[in-house]
Amino acid sequence: MSFKIVGKYIKNINFEIPNSKSFMLLEKNIQNFKVDFDIKSKKKSEDILEIDMNLKLEPKDKLKNDDLKTSILFSTLVNFDKNLKDHDLKKIILIEVPKIVYPEIRNIIIFLFKNSGFNKINISEKVDFEKLYKFNN
């Protein structure tokens, strides 16, 4: 698969702890959150894709009312070989690029939490994007 990342940037970031009560609850329940991904892409030209990876932290228990609002929308511009088959392009979008940019996104989230007083934030260092791809296809 032939591709090259030509640019990366934070398109949007949301990190909100609305009050001290939320802060105190979050400190106790930070382990009860999971990471959720949403990956979308759109062609910008014949050989440039914009891949948006949205990472959100959400409570594992949806019934629980947690006030934390954390998400980062990270955009990656990719130059790709125009002769790639759709199947290979899909793998670039859903496996290869996320493997490359996920550590950067994770570091940004960790930085926000640590600088807000949460040293016990536990977000997996590695995500098996290939396994997720196979599971969803």
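In which strand is the place of D36? D36 has its place in strand β2, where helices (H or I, at least four residues) and strands (E, at least two) are DSSP runs numbered from the N terminus. The structure is a predicted model, in which local features need pLDDT of at least 70 and side-chain atom pairs count only at pLDDT 80 or more, while totals for chains, interfaces and linings use all residues. Residues are numbered from 1 along each chain as its sequence is written, and side-chain values use heavy atoms, with hydrogens and water left out.

The chain contains 3 helices and 4 strands, and from the N terminus on these elements run in the order β-α-β-β-β-α-α. Its C-alpha atoms fill a box of roughly 55 × 30 × 20 Å, taken along the principal axes. The mean pLDDT, which is the predictor's confidence in each residue on a scale from 0 to 100, is 87 for the chain, and 95% of the residues reach 70 or more. Where pLDDT is low, the predicted coordinates should not be read in detail.

Of the 137 residues in the chain, 34% are buried, a term that stands for under 20% relative accessible area, with exposed meaning over 50% and partly exposed lying in between (1.4 Å probe, protein chains only).

When neighbours within four places in sequence are left aside, L57 is in contact with F33, K34, V35, L68, T70, F113, I121 and I123.

L57 also takes part in the lining of the largest cavity, together with I30, F33, K34, V35, I121, N122 and I123. On a 1 Å grid over the protein atoms alone, a cavity is a set of points where a 1.4 Å probe fits but cannot get out, and lining residues have an atom within 4 Å of a point. The structure holds 1 cavity of 30 Å³ or more, and about 40 Å³ of space lies in the largest cavity, the volume being the space filled by probe spheres set on grid points that are joined across faces, edges and corners. The lining divides into 6 nonpolar residues, 1 polar and 1 charged, where Ala, Val, Leu, Ile, Met, Phe, Trp, Tyr, Cys and Pro count as nonpolar, Asp, Glu, Lys and Arg as charged, and the others, Gly among them, as polar. Strand β2 gives the most to this lining, with 3 residues.

Individual positions were then examined. D36 is partly exposed, with a relative accessible area of 32%, and, not counting residues up to four places away in sequence, D36 touches N54, L55, K56 and E58. The C-alpha atoms of D36 and E58 are separated by 7.1 Å, although the two residues are 22 apart along the chain. E58, found in strand β3, counts as buried at 18% relative accessibility, and beyond four places in sequence its contacts are N32, F33, K34 and D36. T76, placed in strand β4, counts as buried because its relative accessibility is 1%; with residues up to four places away not counted, T76 touches I5, G7, K8, L49, E50, I51, V97 and V101.

Two loop residues were also considered. E46, in the loop between β2 and β3, counts as exposed at 59% relative accessibility, and touches F80 and K82 when residues up to four places away in sequence are not counted. N119 lies in the loop between α2 and α3 and is exposed, with a relative accessible area of 59%; its C-alpha atom is separated by 20 Å from that of K60, the two residues being 59 apart along the chain.

How values were computed: Contact means heavy atoms within 4.5 Å. On a 1 Å grid over the protein atoms alone, a cavity is a set of points where a 1.4 Å probe fits but cannot get out, and a pocket is an open set with protein on both sides within 12 Å along at least five of seven lines; lining residues have an atom within 4 Å of a point.
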